[in-house]
Amino acid sequence: MDMGIDLPLIWAGIIGFGLMMYVIMDGFDLGIGILFPFVQDPGDRDTMVNTVAPVWDGNETWLVLGGAGLLAAFPIAYSVILSAAYLPIIAMLMGLICRGVAFEFRFKADEAHKPIWDRAFTGGSYVATFSQGVILGSFINGFSVTNGAYSGGPLDWLTPFGIFSGFGLIIAYALLGTTWLILKTESDLQTRMRSLARPIAFALLATIAVVSLWTPLAHPEISSRWFSFPNIVFFSPVPILVVLSTFAILWAVGRDTHALPFVLALILIFLGYTGLAISLWPNIVPPSISIWEAASPPQSLGFTLVGALFIIPFILIYTAWAYHVFRGKVKAGEGYH
Amino acid sequence: MSALDLARIQFGFTVSFHILFPAITIGLASYLAVLEGLWLATRDAVYRDLYHFWSKVFAINFAMGVVSGLVMAYEFGTNWSYFTAFAGGVTGPLLTYEVLTAFFLEAGFLGVMLFGWNKVGPGLHFFATLMVALGTLVSATWILASNSWMQTPQGFEIVNGRVVPVDWLKVIFNPSFPYRLTHMVLASFLSTGLFVGASAAWHLLRGRSSPPIRTMLSMAMWLVAALAPLQILVGDQHGLNTLKYQPAKIAAMEGHWQNTPGESVPLILFGWPDMAAETTRYALEIPYLGSLILTHSLDGLIPGLKEFKPEDRPDSTVVFWTFRIMVGLGMLMLALGAWSLWLRWKKDLFSSELFLRAALAMGPAGLIALLAGWVTTEMGRQPWVVYGIMRTKDAVSNHSALAITITLTAFIILYFAVFGMGVAYMMKVIAKGPDDDSGGGQPDPETDPHVRPARPLSAIKTPMDAPSFSNLRGE
């Protein structure tokens with residue numbers, strides 16, 4: 001790039017950051033829906049929902065930023081990926097609708113209706129997470145593109161790897177959910193989460209291992225990205241840190257720690273995310289369209305960048321303030337009194 | 001039906017459902033800001049009680065707006081990928097600015113607004129409410145800038161088959177934007193005012209004439225009386241703007257096919273525009289009035305539909321009628337507002353049963369008029385998705401009719417089930433009223449700072465809340 005500023009590169013960074021914020025933040029509140037089947041006590045379920053009630057809407061806004069930012073900065077990628085993943089995206093949206101309204105409705109419904117919205121919350125969380133995993137899987141697998149438009153079939157996303165990714169993401173969000181609840185709850189519910197976190201952490205490590213073997217075996221370009229010299233030297237800390245942080249989680253949930261397991265889970269998810277970025281860079285529509293080919297005109301990128309760089313710090317500040325206002329344990333039977 | 005028709009039905013269905021919630025969100029957020037401001041200024045408990053009451057309704061409505069809006073942000077790409085690939089350079093940045101400046105602002109302060117009454121001080125809480133209200137208005141500004149650019153595009157070039165913005169001020173402040181924004185924000189306020197007024201009327205008709213309920217009706221009717229005439233003026237100006245930039249839309253709205261030499265344009269009050277026969281059947285006409293309204297002169301002419309090629313004509317049968325539904329309801333709002341002023345002067349506002357019945361019947365009128373107006377403007381700009389630049393048929397993704405049928409069916413079932421229940425819960429809250437203290441009413445946050453329910457909308461019946469409320473009554 002002979003221009004002073006590589007706008008597509010900066011935008012790839014912003015969208016990558018936005019999506020990671022989404023995965024982390026909506027990850028733990030989707031995780032709470034995923035954990036619902038393992039907690040039957042109605043009081044505990046209310047506590048679980050109350051840990052995220054004031055913040056879930058902000059968490060989901062990062063997904064809207066991801067979509068809007070992709071449209072603004074990489075309209076070709078937005079149109080190809082969303083067309084290719086049409087059915088899973090619609091399924092994800094429907095899942096998010098069911099669980100989003102359940103936040104409000106389950107407290108509004110009478111006792112007879114409440115189980116309906118508990119099921120909508122659980123089912124919606126599973127469907128949304130599974131769909132996101134399937135979309136991620138099909139993204140890694142790549143899309144058929146002809147003349148800048150999607151040219152594959154309506155079910156191209158339906159592959160063994162896509163299905164595996166769907167289940168993998170459920171496990172990842174479940175880990176974020178358990179560790180978040182260790183942070184935000186106490187006594188029986190917290191103990192239950194400590195015991196659930198162990199098998200989930202093992203399962204996530206296994207999932208990451210499978211993805212780490214599957215993708216280079218299926219995609220030679222990913223294999224050469226990781227295993228050629230000197231890349232292997234630079235990238236080897238990633239898998240090592242994955243293993244270390246997993247065992248740190250297993251160690252931490254067995255001790256009287258509250259925030260540490262969640263922080264470690266965030267690190268683990270961040271490492272997994274970094275690994276995928278290393279595999280796919282610099283493609284925004286794998287395997288063929290790079291961020292520079294899919295980018296908007298510089299007039300669009302520059303105009304939006306000014307706003308993004310100025311406003312995102314403020315968003316982070318008042319989001320942090322909102323979390324600060326609702327800090328501390330959510331006690332059973334109390335909610336936010 | 002073709003995949004294009006199905007894709008249009010899907011977008012029309014999901015966006016029509018969606019727009020109802022933001023319209024009420026925009027109106028209620030500002031109403032709540034006014035209520036909290038009045039509470040802080042006067043310390044009159046009526047305003048505080050009304051604030052807590054309407055914030056419960058607001059929370060349910062907001063959640064439905066968020067989740068139905070999420071669908072819209074992705075539907076552009078799933079269903080209209082050629083449009084986004086072509087025009088994403090303009091609509092994408094506008095949508096991104098909406099997310100950055102509005103959605104995050106609303107979401108960030110919503111938690112404090114709804115759950116933070118006792119967590120932060122009164123000034124900070126009021127600030128949170130103001131930020132949420134500001135967010136709703138900023139959101140309307142960006143999305144209407146984007147929609148208006150698609151209606152009256154300017155400030156761009158087409159390079160290699162894609163839109164490249166060259167002047168962002170021209171893109172944002174395109175010719176129809178100021179009119180559309182004002183018209184929509186007023187419509188949101190009117191819809192909310194009629195909704196709030198109908199809620200008060202419902203209680204008054206049941207003999208529940210408490211100070212908060214009378215205040216609700218009074219505030220709502222001041223708003224309707226002031227904004228209904230203003231909205232008619234703005235609508236008139238919006239119409240003149242449309243005549244200038246989208247004359248085919250006006251011709252279709254009026255069922256006007258051709259000018260007769262030497263005659264002015266009549267106003268067709270009612271009739272049946274027949275697209276195939278190129279005429280408006282059974283037309284009931286008022287001479288000169290069409291010229292008068294659309295050109296503000298007695299002999300001005302407007303283009304007829306026949307001056308446009310058949311493939312460039314919007315469906316007059318639909319927009320002729322949706323336009324008349326909107327205008328007719330607008331006139332009823334004007335009448336209701338005037339009536340309320342008369343009754344207020346006669347000191348009969350809270351006791352006239354006939355008026356209260358009318359106010360109740362007009363509860364959904366704002367939302368119906370708003371939907372009818374949007375159908376008019378969106379169907380009226382067909383066959384274009386970006387006016388004069390890209391046709392709707394060239395914008396649609398390559399999905400099979402089967403795939404869209406499946407998702408459309410699922411959307412219809414899900415929306416009616418989920419949002420139907422949500423509206424029922426809203427009605428349940430409203431039916432309880434602001435004075436209800438029998439299991440679910442407002443604790444007094446001033447004297448009992450620890451009895452605020454976990455969520456302002458949470459019913460007392462939930463096991464979680466029950467102990468704290470029995471404590472309250474024991475104290």
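Tutor: What follows starts at the contact between the chains and then moves to helices, loops and single residues.

The model is predicted. The contact takes 65 residues from chain B and 65 residues from chain A. On the side of chain B, the elements giving two or more residues are H2, H3, strand S2 (162–165), helix H13 (401–432) and helix H14 (466–474). H3(B) supplies the largest share of that side, 21 residues. By class, the side of chain B that touches chain A has 40 nonpolar, 21 polar and four charged residues.

Now one helix pair across this contact. Helix H4 (residues 75–84) of chain A and helix H2 (residues 45–79) of chain B have axes that come within 7 Å and cross at roughly 85°. Angles from 65 to 115 degrees count as roughly perpendicular, so H4(A) is roughly perpendicular to H2(B). From H4(A), the residues that meet the partner are A:Tyr78, A:Ser79, A:Leu82 and A:Ser83. From H2(B), they are B:Tyr74, B:Gly77 and B:Thr78. The contact of H4(A) with H2(B) has three nonpolar, four polar and no charged residues.

A:Leu93 touches B:Leu70, B:Val71 and B:Tyr74, leaving out residues up to four places away in sequence. A:Leu93 also belongs to the largest nonpolar core, which has 259 residues. It is among the members that touch the most others, along with A:Phe74, A:Ala77, A:Ile81, A:Leu175 and B:Val224. Helix H3 (residues 81–115) of chain B gives the most to this core, with 21 residues.

Helix H6 (residues 114–141) of chain A has 28 residues, which at 1.5 Å a residue should span 40 Å. Its end C-alpha atoms are 40 Å apart, which agrees. Of its 28 residues, 22 are buried, so H6(A) is largely enclosed by the rest of the structure. After H6(A) comes A:Gly142, with a positive phi near 100°.

Backbone details come next. In chain A, a cis peptide bond joins A:Trp281 and A:Pro282, with omega about 0°. A:Pro282 lies in the loop between helix H12 (260–280) and strand S3 (283–285) of chain A. Another cis peptide bond joins A:Pro286 and A:Pro287, with omega about 5°. A:Pro287 sits in the loop between S3 and strand S4 (289–290) of chain A. In chain B, B:Arg43 has a positive phi near 55° without being glycine. B:Arg43 lies in the loop between H1 and H2 of chain B. With 10 other C-beta atoms within 10 Å, B:Arg43 is exposed. B:Tyr288 also has a positive phi, near 65°, and is a residue other than glycine. Its loop runs between strand S4 (279–286) and helix H9 (289–295) of chain B. B:Tyr288 is partly exposed, with 17 other C-beta atoms within 10 Å.

One last residue. A:Asn59 is found in helix H3 (residues 56–73) of chain A. A:Asn59 is buried, with 20 other C-beta atoms within 10 Å. Leaving aside neighbours within four places in sequence, A:Asn59 contacts A:Met25, A:Asp26 and A:Asp29.

Technical notes:
Residues numbered from 1 in each chain as written. Chains lettered and ligands numbered in written order. Predicted model: local features only at pLDDT ≥ 70, side-chain atom pairs only at ≥ 80, totals over all residues. Axes fitted to C-alpha atoms, helices over the stretch in contact; angles between N-to-C directions. Helix = DSSP H or I, 4+ residues; strand = E, 2+ residues; numbered from the N terminus. Parallel < 35°, antiparallel > 145°, perpendicular 65-115°, else oblique. Contact = placed C-beta atoms within 7 Å. Nonpolar A, V, L, I, M, F, W, Y, C, P; charged D, E, K, R; others polar. Core = buried A, V, L, I, M, F, W, Y, C linked by C-beta atoms within 7 Å. Buried ≥ 20, exposed ≤ 12 C-beta atoms within 10 Å, placed from the backbone. Expected span 1.5 Å × (residues − 1).
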